[in-house]
Amino acid sequence: MSWIHVLSSGLLTTVQDCGRWGFQDNGVSVAGPMDEYAYRLANILVGNNKNAAGLEVTLVGPEIEFEDEIVFAVTGAEFDLALDDSSVPMNVACRADRGSRLEFGERRSGARAYLAVGGGVDVPVVLGSRSTHLLSGMGGFNGRQLKAGDRLHLAEFMPATIDMRHCKNEVISVPKGGGRVRVSWGPHADRFDPCSKLTLQEGRYTITVDSNRMGYRLDGPSLTHTDGADLISEATPIGALQVPASGQPILLMADRQTTGGYPIIGTVIAADLPIVGQLLPGDWLEFEECDLQEAVEALIVRERSLLSLVSDP
């Protein structure tokens, strides 16, 4: 039986897997990783099941002790990493001996890193997922962010088979300070002044401090409704740009509510969501129009890239 011991928790470290899908009609949020690409890459590197639970690390990383021999990988936001005071690379599967300590040092870029460990974190499954949803206290480790002293059980794993598996190509670059992403027009685009689409594309929006895993509040050029800002609640996908009466968009993220009553002018395409997931308050966002065919093609390119990234030594 393998365990990891949290010596220090960092700013916000939670257990996440692919998310709690299939229960949105009952008001249950999906949760899951903010940067799905980096999360999946970490699991590929260590040879895990694609839905194995790992740790999402936000802005300030933890210090972890491995109580048994294990293979691990860290992806996503760029951190200085040290294993027993020796530097270790990101985007590589590394072996840790029993009693070794992994420390997240200075963050170089991005907002969220993902630590995958061989076998995955074995917390209880709640409604089909191990993901932590902080607002409801559901899933993960007792429904909360990790803190010093926590011990996490790991599923059974054979670490010798994939030591030092690494990325043979460049991964999606982590944004520094902001990013430009593509948007497909949403179901309520016709409820906005015709100039609002142009305003959204020509403006620059700043992620405010009043942002979290549920959504990013954006500050920038105001978008104008033509028929009011309230409507009957509808389903809310990740990446949706809701616009309340203030005219300032809210970009919905992993812990989003399942329905919302503000018009959605557009949705960030799936291929660009990893960029958004690596941004933090104070960073900027710019948007450009994207049709459905381009969105699908971009996602295919991203998926092919992910599948071709990893090679064995």
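A network of salt bridges links E36, R40, R302 and E303, where a salt bridge is a side-chain nitrogen of Lys or Arg within 4 Å of a carboxyl oxygen of Asp or Glu. The model is a predicted one, in which local features need pLDDT of at least 70 and side-chain atom pairs count only at pLDDT 80 or more, while totals for chains, interfaces and linings use all residues. Residues are numbered from 1 along each chain as its sequence is written, and side-chain values use heavy atoms, with hydrogens and water left out.

By the salt-bridge rule, the count comes to 19. One of the pairs joins R182 to E294, with 3.8 Å from N to O. This pair links distant parts of the chain, 112 residues apart: R182 sits in strand β11 (residues 178-185) and E294 in helix α4. Helices (H or I, at least four residues) and strands (E, at least two) are DSSP runs, numbered from the N terminus. E294 is partly exposed, at a relative accessible area of 31%; here, buried means under 20% relative accessible area, exposed over 50%, and partly exposed in between (1.4 Å probe, protein chains only).

Two further pairs can be described in the same terms. R130 forms a salt bridge with D122, and the closest N and O atoms are 3.2 Å apart. R130 is partly exposed at 24%, and D122 is also partly exposed, at 30% relative accessibility. In the salt bridge between R217 and D210, the N to O value is 3.3 Å. Here R217 counts as partly exposed, with 39% relative accessibility, whereas D210 is exposed, with 53%.

I300 itself is partly exposed, at 40% relative accessibility.

Attention now turns to the largest pocket, which holds about 290 Å³ of space. A pocket is an open set of points on a 1 Å grid over the protein atoms alone, where a 1.4 Å probe fits, with protein on both sides within 12 Å along at least five of seven lines; lining residues have an atom within 4 Å of a point. Grid points are joined across faces, edges and corners, and the volume is the space filled by probe spheres set on the points. The largest pocket is lined by 16 residues, and W21, P33, E36, I238 and L273 lie nearest its centre. The elements giving two or more residues to this lining are α3 (273-277) and α4. The lining divides into 12 nonpolar residues, no polar ones and 4 charged ones.

Most residues other than glycine have a negative phi. L59, however, has a positive phi of about 65°; this residue lies in the loop between β3 (54-58) and β4 (63-66) and is partly exposed at 23%. L127 likewise has a positive phi, near 50°. Its place is the loop between β8 (101-117) and β9 (151-154), and L127 is partly exposed, at 36% relative accessibility.

Definitions and conventions:
Ala, Val, Leu, Ile, Met, Phe, Trp, Tyr, Cys and Pro count as nonpolar, Asp, Glu, Lys and Arg as charged, and the others, Gly among them, as polar.
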